[in-house]
Amino acid sequence: MGEEKSRSDESSTQKTTLHEAIVLVSSLISLSHSIRVFSAKWQSIRYKFKELFSNLTAIEKWESADNNFSLPTVLDSILATLKECDVLAKQCLQLSYSGKLLMQSDLDIVSAKFDAHIKSIFDIYAVGLLTRSDAIVVSRPSASASTDDVRFYFVDLLSRFKIGSTDMKKQALVAFNEVIQEDERCITVALQLDDCIGFLVNFLDFKDDEIQEEAAKSVCLIAGMNSYKSELIGAGAIAPLIRVVESGSEVSRELAARCLVKVTENSDNAWSVSAHGGVTSMLKICGSGGGGELGALACGVLKNLVGVQEIKRFVVEEGGIGELVDLAKSKDEVIKISSVDLLQTMAYGDESIREMIIQEGGVRVLVRVFCPKSTFTTKTREMAFRGIVNICCSSDNSLHLLINYGFMDHILYFLRYGEVSVQELALKAAFWLSGTSEEGKKVMGDAGFMAVLVRFLDSKSTEIRDMAAETISSMIMVPKNRKKFVQNDQNLGLLLQMLDPGEANSGNKKLLLSILMSLTSSNSARKKIANSGYLKNIEKLAEAQVSDAKKIVRKISSSRFGSILHGIWHS
């Protein structure tokens, strides 16, 4: 009975001491704002007041606080230091201290004591004795809150990170993420606190899935800020991020992978990811079929890493090319886009890798994206086209493969019947094909590209008009194509019509005249131009001193004169 009474008295004394300390530290926070001397030192001490206030008010909520035998001694010591500081504050406020040097020394001493008190609380409760869910007592700062108030709020959250139970850590992380997403100023203030980034990184290895997910979200947000990315790396984030990618929950794996994409944008971090097994981890994800968004993110990490030649070589040696080609067969467009993007990045400037991709069936996979029966978006087709350009840019064999797999047929179909966005992409493909080789131009001519391309010469888009004109100009460098173009009266008629000054879209005269100049090497073309009724348009341009127009007029005139002489000579 006596023992229970003694324990009850001790508990009552502890609560009294705790309450007195809370009241006094609250008063000192307010009082410190009024002090005008030693302002830097008082500002530093005020931060410690606020951190202490946060922890003391949290202790009031802790159901297990009465069972900790170290706490009364710590509270007595804290209260004694607060009373000592109260005396110093009043002396500074009233300017009644005996000397500046002595007061500075006293303030340094009391500041060091507060550091020791805060550490003592953290040491006592490091095992996580906080059990009340309502222990976060500091109100969330408003948009107009002062920087001091924002810092006070994050000091309080940081104390929950350090000494809170699992539930309290979780709530603190949720609150942390909500605030830093809404106010950019908040993340700057929060990350200036000692150990803040370190605690977030440590939470990545926490066994509780929800805490791990919230920590991954925090770290991912920080990774998006260039000014703090290096601190994240310095806190050792890469190894736990890779561990989360390998074995975390679905949400945390994607967040961790997204974070790795951001940190590897700086090539200096590539070796660190590689050293912790990150390359192998990403290849495993790709080899397992990608797993939706995670597979796309794994490709994104690898894309950043293969800029280092040694890492690219390792990816190739581990069979990465075959795995990525298989991944590019996925019906999931996000994965398809990411895997093709990675393949074309690896192929750029590397002939051996281009050949490997071709041997693994990569060209067939890319061409299938252009099949008119497929339902892929224009974005996916754009990425496939980029892949084709980078993989097939220097191989005659790859051009044969493109023809055999029906790529030209697909492009021609979209030029004729596609929607505007895919028509534009098809036009880019036709322009590229016309520049690959002489054989490519011949195949395009036989397939009927020129008659379709002529229709784009009166497009409202200058870019489309010019691209169509340049493609035709390239194709008619082949004599066989030139003959085909001239044989089709409609082709030449549309071309000449575009040179009519009254035509709204006659702005690309230089390209059109260049095409006509090539065609005038043909007798039949010169005759058709002379008899078309549009020669006057060219003559007007020649009178305006347009060089190509003058050359065309001279050629046609010379041809006419020659025909007349020929007729007279044989009459």
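Buried residues make up 50% of the 571 residues in the protein. The model is a predicted one. Its secondary structure consists of 33 helices and 0 strands. The accessible surface comes to about 26,700 Å². Carbon and sulfur atoms hold 49% of that surface. Among contacts with a separation of 6 or more, 73% join residues 24 or more positions apart.

Two packed helices are described by the angle between their axes and the distance between the axes. Helix H29 spans residues 489–497, and helix H30 spans residues 509–519. Their axes come within 10 Å and cross at roughly 140 degrees. H29 is therefore oblique to H30, because an angle must be over 145 degrees to count as roughly antiparallel. The crossing of H29 and H30 is left-handed. On the H29 side, the contact is made by Leu492, Leu495 and Leu496. On the H30 side, Leu512, Ile515, Leu516 and Leu519 take part. By class, this contact has 7 nonpolar residues, with no polar and no charged ones.

Serine 249 lies in the loop between helix H11 (238–247) and helix H12 (250–263). The relative accessible area of serine 249 is 14%. Serine 249 is therefore buried, since the class covers values under 20%. Residues up to four places away in sequence aside, serine 249 touches Asp209, Gln212 and Glu213. Glutamate 213 is 36 residues from serine 249 in sequence. In space, the two are 7.7 Å apart, C-alpha to C-alpha.

Key. Residues numbered from 1 in each chain as written. Predicted model: local features only at pLDDT ≥ 70, side-chain atom pairs only at ≥ 80, totals over all residues. Heavy atoms only, no water. Helix = DSSP H or I, 4+ residues; strand = E, 2+ residues; numbered from the N terminus. Buried < 20%, exposed > 50% of the residue type's maximum accessible area, 1.4 Å probe, protein only. Contact = heavy atoms within 4.5 Å. Axes fitted to C-alpha atoms, helices over the stretch in contact; angles between N-to-C directions. Parallel < 35°, antiparallel > 145°, perpendicular 65-115°, else oblique. Left-handed = near helix turned anticlockwise from the far one by under 90°. Nonpolar A, V, L, I, M, F, W, Y, C, P; charged D, E, K, R; others polar. Areas by Shrake-Rupley, 256 points an atom, 1.4 Å probe, with all protein chains shown as cover.
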